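Open the structure in your viewer and keep the selection tool at hand. Each stop below says what to select and what is found there.

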Amino acid sequence: MTSAGTPSSEAAPAGASRPGGIGSLAGRTVSRVGYGAMQLARLQGDRSAAVALVRQAIDLGVDHVDTAQFYGNGFVNDVLREALHGQDDVLIVSKVGATADPDGPVPVRLAQRPEELRAEIESELATLQREQIPVVNLRRVDGGHTGVPVPDDQIVDLDDQLAEMIALREEGKIGAIGLSSVTLDVLRRGLPAGIVCVQNPYSLVSREDEDMAQFCADEEIAWVPYFPLGGAFPGRPKVTDEPAVLAAAEKLGCAPAQVGLAWLLHRSPNVLLIPGTTDTSHLVANLAAGAITLDEETLAALDAIPTRPAAAPGH
């Protein structure tokens, strides 16, 4: 394990440190703690607040932002278009495999077919007003974490999907390809396409993908866990409920959520985080978690926490 330590200032925005220190994504140097923009959809009634939050994240050293066109039916990307300036040099990471369905029983439906992947990219480029999205994750249904029904016509062969993603990359519409919600077997199958990152649910209390996390570390693929604090579905374990986490937080004088994020950063140097929030104080706390160092005794106590499934039954 590596210590998160104190963030480095190398190549950081003027006046800002690098939250979590230095990491690598798609051949670029980035801060290890970025920002997940999904929750900005909750601010649709206060667009100016959403823009201001993104600007604050950038001012605090965030230089990679995770998004998707289906977040808020394009609202989130529209906020990013307004908030991000060319001189910010922020790496935008998006995902395909679903599309907005505002009139459906849930606001998102799967869109796994190759033509749907392309349509989502085209829509995102138009909303962001950009010629290229630097990194796009193909979110599959293999991992069982979709949270929505999987119709038969949405079970699509990986090779067909990757062929379309590679074509989009060759056309310059995307810069690099990642995978999300996949099994280790699917990741291995996808390696020839040049996979730069993997996003799967993973946290201190849900470490089912430990083998994949280690595989990504060995292959120098960025491991970007979502649901980093657990509690993704009702009844699922939460990092902040664990006695060992609460004890560590009291010992270190920080919030339990910061302990959970710091533990992920300590796991391996290829780990990048994209915690999301609409609260400015939570944003500051999330980024500050990158400066927390966990000693061996604390790490041992945290590592002893049992792992439980991240997904809800039936998902």
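Select Glu164 and Arg118, which in this predicted model form a salt bridge with 2.5 Å between the closest N and O atoms. Zoom out to see what the pair links: Glu164 belongs to helix α4 (residues 158-170) and Arg118 to helix α3 (residues 114-128), 46 residues apart. Is Glu164 buried or exposed? Glu164 counts as buried, because its relative accessibility is 18% and the cut-off for buried is under 20%.

Next, select Arg109, Arg113, Glu115, Glu116 and Asp153 together. Salt bridges with shared partners join these residues into one network. How many salt bridges does a search of the whole structure find? The search finds 22.

Select Asp78 and Arg47. Their side chains meet in a salt bridge, at 2.9 Å from N to O. Asp78 lies in helix α2 (residues 75-83) and Arg47 in helix α1 (residues 47-59), so the pair, 31 residues apart, links distant parts of the chain. Asp78 is partly exposed, with a relative accessible area of 23%, and Arg47 is also partly exposed, at 26%.

Arg55 is in helix α1, while Asp88 is in the loop between α2 and β5 (91-96), 33 residues apart. Asp88 and Arg55 are both buried.

**Aromatic rings**

Clear the selection and turn to the rings. The whole structure holds four aromatic pairs. Select Tyr202 and Trp223 to see one of them: the pair is edge-to-face, with 5.5 Å from centre to centre and 75° between the planes. A pair of aromatic rings is described by these two quantities, the distance of the centres and the angle of the planes. Tyr202 sits in the loop between β10 (195-199) and α6 (210-219), and Trp223 in strand β11 (residues 222-223), 21 residues apart. Both Tyr202 and Trp223 are buried.

Move on to Tyr226 and Phe227. They form an edge-to-face aromatic pair as well, 4.9 Å centre to centre and with 75° between the planes. Tyr226 is buried, with a relative accessible area of 11%, whereas Phe227 is partly exposed, at 30%. What sits over the ring of Tyr226? Select Arg139: its charged end is over that ring, 4.6 Å from the centre.

**The nonpolar cores**

Select Leu40, Leu187, Val198 and Leu302. These are the residues with the most contacts inside the largest nonpolar core, which has 78 residues. To look at one of them, centre the view on Leu187. Setting aside neighbours within four places in sequence, Leu187 is in contact with Leu179, Ile195, Val198, Met212, Phe215, Cys216 and Ile221. Another core, of 11 residues, lies apart from the largest one; among its members are Val135, Ala176, Cys197 and Val224.

**Helix α7 and what follows**

Select residues 243-252, which make up helix α7, and colour its buried residues: Val245, Ala248 and Ala249. Why do these three lie on the same side of α7? They cover an arc of only 100° around the axis, and that places them on the same side. An α-helix has 3.6 residues a turn, so residues three or four places apart point the same way. Turn the view to the face away from the buried side, where the exposed residues Pro243 and Glu250 are found.

Then show α8 (256-267) and α10 (296-303), against which the buried residues of α7 pack. Just after α7, select Gly253, which takes a positive phi of about 70°.

The last stop is Ala257, in helix α8. Ala257 counts as partly exposed, at 22% relative accessibility. Apart from neighbours within four places in sequence, Ala257 is in contact with Leu229 and Thr240. To finish, select Leu246 along with Ala257: the two are 11 residues apart along the chain, and their C-alpha atoms are separated by 9.2 Å.

Terms used: Residues are numbered from 1 along each chain as its sequence is written. This is a predicted model: local features need pLDDT of at least 70, side-chain atom pairs count only at pLDDT 80 or more; totals for chains, interfaces and linings use all residues. Side-chain values use heavy atoms; hydrogens and water are left out. Buried means under 20% relative accessible area, exposed over 50%, partly exposed in between (1.4 Å probe, protein chains only). Helices (H or I, at least four residues) and strands (E, at least two) are DSSP runs, numbered from the N terminus. The arc is that of the directions from the helix axis to the C-beta atoms. Contact means heavy atoms within 4.5 Å. Rings of Phe, Tyr and Trp (its six-membered ring) pair if their centres lie within 6.5 Å; planes under 30 degrees apart count as stacked, over 60 as edge-to-face and the rest as tilted. A charge sits over a ring if NZ of Lys or CZ of Arg is within 6 Å of the ring centre and within 35 degrees of the ring normal. A nonpolar core is a set of buried Ala, Val, Leu, Ile, Met, Phe, Trp, Tyr and Cys residues joined through side-chain atoms within 4.5 Å. A salt bridge is a side-chain nitrogen of Lys or Arg within 4 Å of a carboxyl oxygen of Asp or Glu.
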